[in-house]
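Please go through the following briefing with the sequence and the model at hand.

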Amino acid sequence: MNDFSENWRKLRLRAGKKAELLGNAWPTKKEEAYHYASLSSLDKKAWAEPVYPEEESIAEKIFLLDLPEVKNRMVFANGYFISSLSFLEDGGDWKVKKEERVSEKSFSFEERLNDVFRKEQLLLKVSSRVDLSELQLLFLNEGKSVSFHPSVVLQTIEGQKLSVCEVHVGDGEFLENALVEVKCEKSSTLFWTKAQLNASEAASLSLTDFSLEKSARVSFTLLAKGSAFAREVVRAELKAENAFLETNGLQLSGKNQLVDFNVSIAHEANHTESQQSLKTLVSGNGHAIFQGKSAISKRGNKSSAHQKSDALLLSDKGIFDVKPELEIFADDVKCSHGATVGALDDQDIFYIRSRGVSLGGAKRLLLFSFVNEVLDRISDEKIRFWAQAHVFPFLGGGDEEIFGTEEKRDL
């Protein structure tokens, strides 16, 4: 007889006939992929079924997000696709799929969890050939001790340029487990900005899966700011020559937060290129993690893969774990990885203060410069300004988590 915890037993009962897909427990540190960020802490709840949200309330929340106006927007709320608030004015189509998915590849735990509990899956294609189409994917969540499992499959078209802004935001102690699959066709260009802004007591799991065909180019930028526990996974396969992927991440981990950014890129063809870059700020007793892997197969000659991670620890209690990996089976490649971890430089602070700037102000200027290296890579100016507005309050204004009480009085 299996020795399930009470909450895991309830979760399996909710899963019904698909309970075996879940296994016997949440993944623990014994599994390599979860060594730094065990999911066992999520066993504190049984994570009940969500209720269908009030659409009028969802529309009001979208308004309060103050996002730039776009012609294409898809809306999920509490894991349900809200068709009445979604539109594709640039042209395209969507289909809502409710039946079980059959995958050709082995599932991660997050994928199996999504398969078991998701309400529906959105199959999406923006067919416009305007110079640059803009699409918003909004995931709005609210509830207590409930879980949401939205799923989206996005298909580009050959030669298309598409800018996507993906936003996750919500209030309450909930679990969100989002799955987004992106199929990038030949010569398509994708600019993807993702903001995870869920409530500080929430738990967020996310998998973004990219598949790139010949000469496809993707620039992905992540802002991870919310949730007590956040695990952001990016998985990509560069399937044909001249495919290019860059991932840029900004993690902000504060009091009682754990944020894990996990990137795995497979080079499966000649002349492919990937770049991984991450900036991390850890304040209070926050804990941040970066696990970056670049794998180049025997078919990956003339390819390049580069990783770079920089972290600032703003307190003695903060923790940053980094695990770079290179797995190379081809001979003619260019690969590198590097990581730095440290504190704000006292000489830089002294130099700025000598110009009449307060201690807190000097630190804030240095932090602005640090995070802007990521935010400046957001190609859409309107989205970049919107992201900056959400990041900058974390960096100062007297926040005791970052500056401390003595420095707060010096602002």
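The briefing takes up a helix contact and then a strand with its partners.

This is a predicted model, in which local features need pLDDT of at least 70 and side-chain atom pairs count only at pLDDT 80 or more, while totals for chains, interfaces and linings use all residues. Residues are numbered from 1 along each chain as its sequence is written, and side-chain values use heavy atoms, with hydrogens and water left out.

**Helix contact**

- Helix 1 (residues 6-15) and helix 3 (residues 109-117) have axes that come within 9 Å and cross at roughly 55°.
- Helix 1 is therefore oblique to helix 3 (angles under 35 degrees count as roughly parallel, over 145 as roughly antiparallel, 65 to 115 as roughly perpendicular and the rest as oblique).
- W8, L11, R14 and A15 of helix 1 make the contact with F109, V116 and F117 of helix 3 (contact means heavy atoms within 4.5 Å).
- By class, this contact has 6 nonpolar, no polar and 1 charged residues.

**Burial of strand 1**

- In strand 1 (residues 72-77), 6 of 6 residues are buried (under 20% relative accessible area, 1.4 Å probe, protein chains only).
- N72, M74 and F76 point one way, and R73, V75 and A77 the other way.

**Pairing of strand 1**

- Strand 1 pairs with strand 6 (residues 133-142) in the parallel sense over 6 bridges (pairing requires at least two DSSP bridges).
- Strand 3 (residues 87-88) pairs with strand 1 in the antiparallel sense over 2 bridges.
- N72 stands opposite L135 in strand 6 and opposite L88 in strand 3.
- Strand 2 (residues 80-81) is antiparallel to strand 1, over 2 bridges, and F81 is the bridge partner of F76.
- Strands 1 and 2 form a hairpin with 2 residues between them, and N78 in the turn has a positive phi of about 55°.

Technical notes:
Axes fitted to C-alpha atoms, helices over the stretch in contact; angles between N-to-C directions. Helix = DSSP H or I, 4+ residues; strand = E, 2+ residues; numbered from the N terminus. Nonpolar A, V, L, I, M, F, W, Y, C, P; charged D, E, K, R; others polar. Buried < 20%, exposed > 50% of the residue type's maximum accessible area, 1.4 Å probe, protein only.
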